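Me: Hi! Could you walk me through this one? I'd like to start with the packing and then ask about a few details.

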Amino acid sequence: MKSTSFALLSATILLFTGCGSTKVAHATITNTDKPHTSKPDGKSVHMERAHAHSSLTRAQKKEFLTRINQVRSKRRSCGKYGSMGPVGPLVWSDKLYQAAYVHTYDMAKSSHFSHDGSGSRNDRAAVEMGLGRGSRLRDRMSYAEYRWRAAAENIAAGQRSAQAAMDAWLRSDEHCKNLMGGHFTEVGMAYHPSNDRFQTYWTQNFGKSM
């Protein structure tokens, strides 16, 4: 594919129901002792989940998971967070993929780069949950019926391949920390093409389920 100089990154982390997000490789972390268990209406979730699962092949899921676990299998410098890893492999979660997909779809269709959803009709989690605002990471986790104790999200735009997105995330301290997080046990990763200047959007969701 034709290369472009446009690319963006951002990371957010939720630990025990905390939520935070900022632009360009920064993250806010908050903590509490209460796990997040709320769920939306099941019918609408299952309809969207069926659509989401049709967009990524089994081979692509395997490729994404393999790339992530290859990264985690080596000791790496995550800048201000110091050396991390190696850490154990993650397993693929279709629920985390669902949460990643609906946000990637929203960003691509709305030309909206943020951890908060656009709040438009493309923000399916916000629409179907009746939020009256853009969806947040913890909303999308609920939308996908993922009951979690810890969660994090990496997003990117402008990279033309999964490897390019991974390389960009590894050059950022916060994204590297998410990728190397030993407390996470599951992952889901999605992408979606766009007609805007970035052409491709990416979301990577990490989690530890209850």
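Reply: Happy to; below we go through the core, a helix, some ring pairs and a strand.

Me: Great. What should I know about the model and the numbering?

Reply: It is a predicted model, where local features need pLDDT of at least 70 and side-chain atom pairs count only at pLDDT 80 or more, while totals for chains, interfaces and linings use all residues. Residues are numbered from 1 along each chain as its sequence is written, and side-chain values use heavy atoms, with hydrogens and water left out.

Me: Which residues touch the most other members in the largest nonpolar core?

Reply: Phe64, Ile68, Trp92, Trp169, Met189, Trp202 and Phe206 do, out of 33 residues in that core. A nonpolar core here is a set of buried Ala, Val, Leu, Ile, Met, Phe, Trp, Tyr and Cys residues joined through side-chain atoms within 4.5 Å. Buried means under 20% relative accessible area, exposed over 50%, and partly exposed in between, with a 1.4 Å probe and protein chains only.

Me: And which element gives the largest share of this core?

Reply: That's α6, with 5 residues. Elements supplying at least two residues each include α2 (58–72), α3 (94–110) and β7 (200–209). Helices (H or I, at least four residues) and strands (E, at least two) are DSSP runs, numbered from the N terminus.

Me: What other core lies apart from it?

Reply: There is another one of 8 residues, among them Ala99, Leu137, Trp148 and Ala151.

Me: Switching to α3: how many of its residues are buried?

Reply: 12 of its 17 residues are buried, so α3 is largely enclosed by the rest of the structure. Among them are Leu96, Tyr97, Ala99, Ala100, His103 and Asp106.

Me: How far apart are its end C-alpha atoms?

Reply: They are 24 Å apart, which agrees with the 24 Å that the 17 residues of α3 should span at 1.5 Å a residue. The expected span is 1.5 Å times one less than the number of residues.

Me: What caps the N-terminal end, and what follows the helix?

Reply: Ser93 caps the N-terminal end of α3, with a side-chain oxygen 3.3 Å from the backbone nitrogen of Lys95. After α3 comes Ser111, whose phi is positive, near 50°.

Me: Rings next. How many aromatic pairs are there?

Reply: The structure holds 8. Trp92 and Tyr97 form a tilted pair, 5.9 Å centre to centre with 40° between the planes. Phe198 and Tyr201 have ring centres 6.0 Å apart and planes at 75°, so that pair is edge-to-face. Rings of Phe, Tyr and Trp (its six-membered ring) pair if their centres lie within 6.5 Å; planes under 30 degrees apart count as stacked, over 60 as edge-to-face and the rest as tilted.

Me: Which residues do ring pairs link into a cluster?

Reply: Trp92, Tyr97, Tyr101 and Tyr105.

Me: Last topic: how do β5 and β6 run relative to β7?

Reply: β5 is antiparallel to β7, with 9 bridges, and β6 is antiparallel to β7 too, with 8 bridges. Strands pair if DSSP finds at least two bridges between them.

Conventions
Polar contact = N/O pair within 3.5 Å; in protein donor to acceptor, adjacent residues only side chain to side chain.
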